[in-house]
Amino acid sequence: MAGTRRGGHSLGNRVQLYENGGDFFDALFAGIATATTSLQAEFYIIKADSTGLEFARLLIEAAARGVEVALIYDFVGCYDTPSSYFKRLEQAGVRCLAFNIPAFSRLRWLDRRDHRKMVLVDGKSAYLGGMNIGDAYAGTGEGPERWRDAGLCLRGPAARELQAIFRETWAMESGEELPLPEVNRHFIEEKGDADVMIVNGAPHHTRSAIRSAFRLAMAGARHSIRIMTPYFLPGPRMVRALLRAHRSGIKVQMILPSISDVPLVKLISQAYLTPLVQAGIEVYERQDVILHAKVMLIDETWVTLGSANLDHRSFHRNFEINVVVDSHDFGAQVWRMFDEDLTLSRRVAVGEYARRGWLERLLIWLLTPLRRFL
């Protein structure tokens with residue numbers, strides 16, 4: 001069946017971390033401008049603001065110079081993006097595909113969303129992470145509207161695997177195959193030291209590939225587990241996995257947002273966080289920005305970064321892409337980034353959640369059954 005590819009494993013990749021949205025979009029836009037044969041882009045949200053308009057301009061310029069350009073955007077995620085934005089792209093030669101347009105014929109899959117965020121250049125380079133297309137994700141907002149995110153660029157065999165996943169998603173959703181892009185015969189592949197695995201999550205998988213990857217990583221930790229996530233509704237099994245790791249002497253640290261774009265999720269997450277804090281696990285809240293980065297670092301060398309959150313929606317209802325990188329150099333970059341964010345975060349005190357008022361506790365109890373849909 002199209003769209004069921006689980007993701008592959010490849011050696012010899014080069015991986016670059018971008019610790020904020022501004023650096024990521026600078027690199028992404030520069031990469032798009034170098035495309036010679038193909039561009040594939042897949043995003044949950046595309047805003048028609050200055051960042052979105054620059055993204056469109058670059059895609060249009062690529063199509064004008066003969067590059068095969070294809071864009072998948074989530075219909076619900078882009079509900080407030082003017083249709084003229086995508087019509088302009090199509091008129092310029094960009095193939096556009098709206099993912100899962102609501103229809104009576106498939107109400108069963110109404111909440112199935114494409115939550116991926118990635119751009120593939122010539123099948124050689126891949127840019128991905130937690131960032132959608134928009135000014136907020138580029139870090140250009142002010143005060144509490146400024147988002148904190150992270151992304152990466154990988155070059156090598158893993159980029160071709162991501163290209164194959166994109167093509168399968170296109171065929172699954174449209175019923176048509178994308179034309180195979182011309183191979184760039186002059187390209188000499190850069191060799192790197194990163195061992196990369198692609199984790200491709202989809203709602204029709206029997207078991208959640210995303211959740212399994214997170215749990216296996218935790219189970220394999222020997223010294224430390226560091227997690228940065230905007231939404232924490234992981235389910236009891238993952239909570240138990242974190243508690244087991246902590247009790248076995250592994251240092252567990254988590255950074256969550258102090259300001260959330262989905263306050264309901266932040267409220268419900270307290271039910272999962274309370275036993276962790278009470279057990280002595282270090283839980284921090286990042287101050288002054290909306291944390292949106294989705295990163296896990298195991299033992300300074302094993303990193304997973306991508307579009308998936310630690311919640312039921314990412315595990316069971318969304319199409320997601322995470323990249324797992326096994327590299328000392330890349331792990332060191334992520335370790336330093338995490339350290340910097342810790343200095344800008346406040347540790348949650350033991351008993352802090354227990355001091356919530358009765359109304360908040362009642363709301364948490366009433367809303368917890370909705371966690372599977374958030």
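Author: A surface patch is built from residues with over 30% relative accessible area and no salt bridge, joining like charges within 9 Å and nonpolar side chains (Val, Leu, Ile, Met, Phe, Trp, Tyr) within 5 Å. Accessible areas come from the Shrake-Rupley method with a 1.4 Å probe, and for residues only the protein chains shown count as cover. A salt bridge is a side-chain nitrogen of Lys or Arg within 4 Å of a carboxyl oxygen of Asp or Glu. The model is predicted: local features need pLDDT of at least 70, side-chain atom pairs count only at pLDDT 80 or more, and totals for chains, interfaces and linings use all residues. Residues are numbered from 1 along each chain as its sequence is written, and side-chain values use heavy atoms, with hydrogens and water left out.

Reader: Which residues form a nonpolar patch on the surface?

Author: Phe75, Val76 and Ile101 do, and together they have about 220 Å² of accessible area.

Reader: Why does isoleucine 101 count as partly exposed?

Author: Buried means under 20% relative accessible area and exposed over 50%, with partly exposed in between (1.4 Å probe, protein chains only). Isoleucine 101 has 38% relative accessibility, so the residue counts as partly exposed. Isoleucine 101 is placed in the loop between strand 4 (95-99) and strand 5 (113-114); helices (H or I, at least four residues) and strands (E, at least two) are DSSP runs numbered from the N terminus.

Reader: What makes tryptophan 170 buried?

Author: Its relative accessible area is 6%, and therefore tryptophan 170 is classed as buried. Tryptophan 170 belongs to helix 4 (residues 157-174). A separation of 10.0 Å lies between the C-alpha atoms of tryptophan 170 and cysteine 96, which are 74 residues apart along the chain.

Reader: How many salt bridges does the rule give?

Author: The count comes to 13. Among them is that of aspartate 122 and lysine 124, at 3.8 Å from N to O, and both of these residues are buried. Glu54, Arg57 and Glu61 are linked in a network of salt bridges.

Reader: What do arginine 226 and aspartate 339 tie together?

Author: Arginine 226 forms a salt bridge with aspartate 339, and their closest N and O atoms are 2.8 Å apart. Arginine 226 is in strand 11 (residues 224-228) and aspartate 339 in helix 10 (residues 328-343), so the pair ties together parts 113 residues apart in sequence. Arginine 226 counts as buried because its relative accessibility is 3%, whereas aspartate 339, at 30%, counts as partly exposed.

Reader: What makes a set of grid points a cavity or a pocket?

Author: On a 1 Å grid over the protein atoms alone, a cavity is a set of points where a 1.4 Å probe fits but cannot get out, whereas a pocket is an open set with protein on both sides within 12 Å along at least five of seven lines; lining residues have an atom within 4 Å of a point. Grid points are joined across faces, edges and corners, and a volume is the space filled by probe spheres set on the points. There are four cavities of 30 Å³ or more.

Reader: What volume does the largest cavity have, and which residues are closest to its centre?

Author: The volume of the largest cavity is about 110 Å³. It is lined by 12 residues, of which Leu256, Pro257, Lys266, Ser269 and Leu273 are closest to its centre. Strand 13 (251-259), helix 7 (263-268) and helix 8 (270-279) are the elements that give two or more residues to this lining.

Reader: How much space lies in the largest pocket, and which residues lie nearest its centre?

Author: The largest pocket holds about 430 Å³ of space. Tyr44, His115, Tyr231, Val262 and Arg313 lie nearest its centre, out of 21 lining residues.

Reader: Which element gives the largest share of the lining of the second largest pocket?

Author: Helix 5 does, with six residues. Helix 5 (209-220) and helix 6 (236-247) each supply at least two residues of that lining. The second largest pocket has about 300 Å³ of space.
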